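User: Hey, could you walk me through this one? I'd like to go through the contacts bit by bit.

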Amino acid sequence: MNTPLEIRHLVKKFEIGTPNEKVALDDFSLKVEQGDFITILGSNGAGKSTLFNAILGKFMPDSGQIFLDGEDITYRKDYKRALHIGCLYQNPLRGTAPNMTIEENLALAYTRKASPSFFAVNKKDSAYFRELLARLELGIEDRMKTQMGLLSGGQRQAVSLLMATIAQPKLLLLDEHTAALDPSTAEKVLQITKEVVEENQLTTLMITHNMQQALSFGNRTIMMDSGRLLLDISGAERAQMTPHKLIDLFSDTAKQMLSDRTLFSS
Amino acid sequence: MALGVFIAFRILNTPDLTIDGSLVFGMSVCAVVTIAGYPILALFAGTLAGAVAGLITGLLQTKLKINAILSGILTMTGLYTINYMVLGGQSNLYLQSAVLNENNSPVYVSSSTIYKTFSERTAGLLGSDINTSVLVLTTLIVAVVATLLCVFFKTRPGMAIRATGDNEEMVRSSSINADASRILGIMISNALVALSGSLLCQQQRYADLNNGSGMLVVGLASVIIGQVLFGRRSVTLGVISAILGSMCYRIILQIAYKIDMPSYAVKLLSAVIVILALTLPLIKDGFSLLRQRRVARRGE
């Protein structure tokens, strides 16, 4: 079986040639195994979202390669990659069309997989959507004809999650998708995320700022800093990790790297 | 006419100024083909011309990433020259052709139009008044086009166009080519406008270079009136309300004419209607705020 995602020596700089030049991804490499659920930690500006945008094809990298399921997708157009990648953002407004109904939104996302039909909304698909929505236990399965914009943030995010996963993508990217929700709704959406990921056995990357969450979710945790991979733990090492130890480890490794850099530059 | 503007504004959510140009483009192409003796083909040719104009604007917007308003203005400006050329280097063209009589002097014979033919065919049914047949035939065409449109917006490509106007990013992440949807939407919108230009040309029996100016505002006025009166809950309702809105707009104009409004004031009136309709929600809010304050003051 192919590796679902492999990133080789990815470099992305912004505002090259100006005093504001920023290295967002610095020779970043990562190999993701089938069925991995990786949580990604890192301070603001560490390059987490840049990494996601590179995978999604929002911009072209300066150098390096990205492989999705064994295929080189480094220079493929964003909408073509989206056939196999599902993504969820922090802002619940980004993933859905507010003036269209829940049913229409789902139908649109399902276009990737659905059997060709003349009308986008049809009975067979609607029944399937209803079943999926009912599983969320948010009571929205009876409001399929409601406009998306009338739902609450949590509900929208839950529906966005369905939309991102409805076509069984090879890769699911979650960019702090619960950060804009209140704690109890966030908990609920996380729970749904876990169920959906496990059920479909999706290979997932999740960005989070919550260390406890980063350690309790998934099977592997990576930490980024200044566009580089700082830490990559899984298995027993991860099981013994606590948020406190993580911070210590982070500052140690960061210090180590910093001294390395000073050494090289001098 | 209003339907085309409806797509541009409400569905694609971008003001498309190409409309002023594509209306005349449709009109001119229609005029030329009608004079050649093919009135029905002329309607299709006119519509197609509009679609081409839309394609250009669409490409400017998506592939060359030119601002939406500017792309429209650019196409519209370029079309002015094209239209002039299509009309044979003159600013208007009457639907007639010169036939030489036995004395070798030209006699102008007016070209056949769909309205004329329709009127002749249905003379027994509708009477010989050409205005009746204009009304009936136009209503028929509008009904057919509106139905096609409503059905189209429920198909997958149609829904993709609606979603592109609503949230382009979401369309991309659903692995749909948003650029293609946008271009297709602009093409349909301009094709409809050009069709209305073609119909107008056959009805008034001439094409004029200046018929297009301000058409965007006229169309917008219709769309907004329809929206205020009939709501905008779904696409089907939106299409219907755009049609009804354009009728209301005509009625308002007729009333204005009755109270001796000079014909040159039409454009100003249209602009005022659009401004009023657009600010209506704001005015409403302002009033309710005033009322709340008054109630609050009294409560003290």
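User: Let's start with A:Tyr128. Is that residue buried, partly exposed or exposed?
Analyst: A:Tyr128 is partly exposed, at a relative accessible area of 27%. Bear in mind that this is a predicted model.

User: And which ring does A:Tyr128 pair with, and at what angle?
Analyst: A:Tyr128 pairs with A:Phe129. The ring centres are 6.3 Å apart and the planes sit at 45 degrees, so the pair counts as tilted.

User: What about A:Phe129, buried or exposed?
Analyst: Buried: its relative accessibility is 1%.

User: Which residues make up the ring cluster there?
Analyst: A:Tyr110, A:Tyr128 and A:Phe129 are joined into a cluster by ring pairs.

User: How many aromatic pairs are there over all chains?
Analyst: There are 6. One of them is A:Phe14 with A:Phe59, an edge-to-face pair with 5.7 Å between centres and 85 degrees between planes.

User: Where do A:Phe14 and A:Phe59 sit in the chain?
Analyst: A:Phe14 is in strand S1 (residues 5-14) of chain A, while A:Phe59 is in the loop between helix H1 (48-56) and strand S4 (63-68). They are 45 residues apart, and the pair links distant parts of the chain. A:Phe14 is partly exposed at 32% relative accessible area, whereas A:Phe59 counts as buried at 15%.

User: Which charges sit over rings in chain A?
Analyst: I can give you two examples. A:Arg94 has its charged end over the ring of A:Tyr89, 3.6 Å from the centre. A:Lys194 lies over the face of A:Phe217, 5.3 Å from the ring centre.

User: OK, new topic: the interface. How many residues of chain B are in contact with chain A?
Analyst: On the chain B side, 21 residues, in contact with 34 residues of chain A. About 2300 Å² is buried between the two chains, and carbon and sulfur atoms give 54% of that area.

User: How many salt bridges cross between chain B and chain A?
Analyst: There are 2. B:Arg162 forms a salt bridge with A:Glu104, with the closest N and O atoms 2.8 Å apart.

User: Which helices of chain B supply at least two residues of that side?
Analyst: Helix H8 (156-166) and helix H9 (168-173) each do. H8(B) gives the largest share of the side touching chain A, with 6 residues.

User: Tell me about A:Glu104. Where is that residue, and is it buried or exposed?
Analyst: A:Glu104 is in helix H3 (residues 102-110) of chain A. At 13% relative accessible area, A:Glu104 is buried. Not counting residues up to four places away in sequence, A:Glu104 touches A:Val121, B:Met159 and B:Arg162.

User: And over all chains, what does the salt bridge count come to?
Analyst: The count is 12. One of the pairs is A:Lys170 with A:Asp69, at 3.1 Å between the closest N and O atoms. Those two are 101 residues apart, so to speak distant parts of the chain brought into a link. A:Lys170 is partly exposed at 29%, and A:Asp69 is partly exposed at 24%.

User: Which residues are linked in a salt bridge network?
Analyst: A:Asp78, B:Lys63, B:Arg172 and B:Asp179.

Definitions and conventions:
Residues numbered from 1 in each chain as written. Chains lettered and ligands numbered in written order. Predicted model: local features only at pLDDT ≥ 70, side-chain atom pairs only at ≥ 80, totals over all residues. Heavy atoms only, no water. Phe/Tyr/Trp six-rings, centres within 6.5 Å; stacked < 30°, edge-to-face > 60°. Helix = DSSP H or I, 4+ residues; strand = E, 2+ residues; numbered from the N terminus. Buried < 20%, exposed > 50% of the residue type's maximum accessible area, 1.4 Å probe, protein only. Lys NZ or Arg CZ within 6 Å of the ring centre and 35° of its normal. Contact = heavy atoms within 4.5 Å. Buried area = accessible area lost by both parts, 1.4 Å probe. Salt bridge = Lys/Arg side-chain N within 4 Å of Asp/Glu carboxyl O.
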